[in-house]
Amino acid sequence: MKASVIGTGSALPKTVVKNDDFKQWVDTDDEWIYSHTGIKERRIAKDETLISLAADAAKKALADAGVSGEEIDLIIAATFTPDCFTPTLACMLQNEVGATCPAFDLNAACSGFIYALDVGYRYIKSGAAKKVLIVAADMLSRVTNFSDRGTCVLFGDGAGAAVLSAQGEGNIIYSKTEAESDTKFSLRIPGLYSRFPLNESLPKEESVVSMDGNEIYMNAVRTMTRDIKKALSESGLTISDIDYIVPHQANSRIIDAVAIKLKMLKEKFFMNMPKYGNTSAASVAIALDELSKSGMLRKGTHVALCAFGGGFTSGCAILEWAK
Ligand code: UT7
């Protein structure tokens with residue numbers, strides 16, 4: 001059985017926060033943030049909830065695919081910043097899209113979309129599902145320490161979605177996820193936080209992102225380079241067969257370093273982090289949706305998706321565009 005991406009969608013909060021807006025919280029400026037990360041602005045949820053963004057992205061992906069919610073056999077939602085821990089985001093989405101199928105959440109941090117795609121791909125390949133809705137959504141603003149300049153400028157909120165189907169031209173030609181235990185807890189959110197915090201007395205540093213940026217940077221360059229090389233060798237493709245890479249949108253310097261290591265043109269890496277920053281699990285999903293709607297993809301175009309995240313998780317998938 002083959003599996004194809006047959007529709008994509010994304011949704012971003014309305015409120016734009018520009019780099020210089022962070023001056024009200026920390027000692028920083030646009031020049032430092034842009035030159036060190038490639039980020040110019042990000043969207044931060046004010047009126048939106050995670051389910052409102054996720055449902056918006058999911059409905060757009062279903063409309064793009066020409067599929068109704070009733071036709072979906074499985075919903076997988078990737079997030080680590082849900083509105084609440086139960087019902088899960090996937091179960092809330094079931095109601096929003098009018099589906100009656102099994103639904104569950106997974107947490108693979110910023111690699112969440114690739115992990116969800118990989119699971120959906122395997123359900124379809126095994127014959128256990130014919131149509132799978134995958135949604136990746138995060139609101140990092142819920143777990144951001146706005147007094148830590150080393151992290152607060154990096155993240156944004158958003159959601160992206162895709163519909164996978166057994167009917168199509170088999171365009172997921174490779175998919176693999178990886179994990180390596182981050183024994184140093186280089187990227188961590190120890191506390192429990194949701195839309196309705198359970199424990200208001202939890203010390204702030206226990207409920208927000210803290211990270212060793214340099215450690216994650218080096219790990220990101222190493223794992224993305226390794227995963228793309230492995231994907232090419234295991235799928236029988238070469239660098240020149242890949243038309244676009246849709247990487248996790250954490251830092252343009254990480255992407256520059258991966259491009260150099262792969263001896264690949266930087267122009268092949270699709271980047272939208274100047275507009276949205278790092279939207280965690282949603283980042284690759286939003287970028288894939290924008291690339292797919294850009295008109296740049298043709299039948300036969302090869303697109304490699306790759307991500308890394310806390311854990312450490314990582315993953316790579318190769319799509320041969322079929323539409
Ligand atoms: O999805 C995974 C999420 N995490 C990541 O992807 C993070 C990966 N790491 C990175 O992107 C980079 O390591 C950062 C962007 C976080 C940091 O960039 P860097 O070039 O590695 O800077 P640095 O941490 O080595 O800090 C250099 C200087 C320090 O000042 P001193 O000690 O040299 O005086 C920092 O305090 O830059 C300072 N700095 C800032 N200055 C102005 C750190 N953040 C800021 C800031 N504005 N926002």
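Trainee: So a cavity is a set of points, on a 1 Å grid over the protein atoms alone, where a 1.4 Å probe fits but cannot get out. How many of 30 Å³ or more turn up here?

Mentor: Two. This is a predicted model, where local features need pLDDT of at least 70, side-chain atom pairs count only at pLDDT 80 or more, and totals for chains, interfaces and linings use all residues. Residues are numbered from 1 along each chain as its sequence is written, and side-chain values use heavy atoms, leaving out hydrogens and water.

Trainee: What volume does the largest cavity have?

Mentor: About 50 Å³, a volume being the space filled by probe spheres set on the points, which are joined across faces, edges and corners.

Trainee: Which element gives the most to its lining?

Mentor: α6, with three residues. Lining residues have an atom within 4 Å of a point, and here they include N219, T223, R226 and F308. Helices (H or I, at least four residues) and strands (E, at least two) are DSSP runs, numbered from the N terminus.

Trainee: And how much space is in the second largest cavity?

Mentor: About 40 Å³. Among the residues lining that cavity are F22, I44, L140 and D157.

Trainee: Switching topic: what caps the N-terminal end of α1?

Mentor: D29 does, for the helix of residues 30–37. One of its side-chain oxygens lies 3.2 Å from the backbone nitrogen of E31.

Trainee: What follows α1?

Mentor: G38, with a positive phi near 85°.

Note on methods:
On a 1 Å grid over the protein atoms alone, a cavity is a set of points where a 1.4 Å probe fits but cannot get out, and a pocket is an open set with protein on both sides within 12 Å along at least five of seven lines; lining residues have an atom within 4 Å of a point. A polar contact is a pair of N or O atoms within 3.5 Å; within protein, one must be able to donate a hydrogen and the other to accept it, and residues adjacent in sequence count only if both atoms are side-chain atoms.
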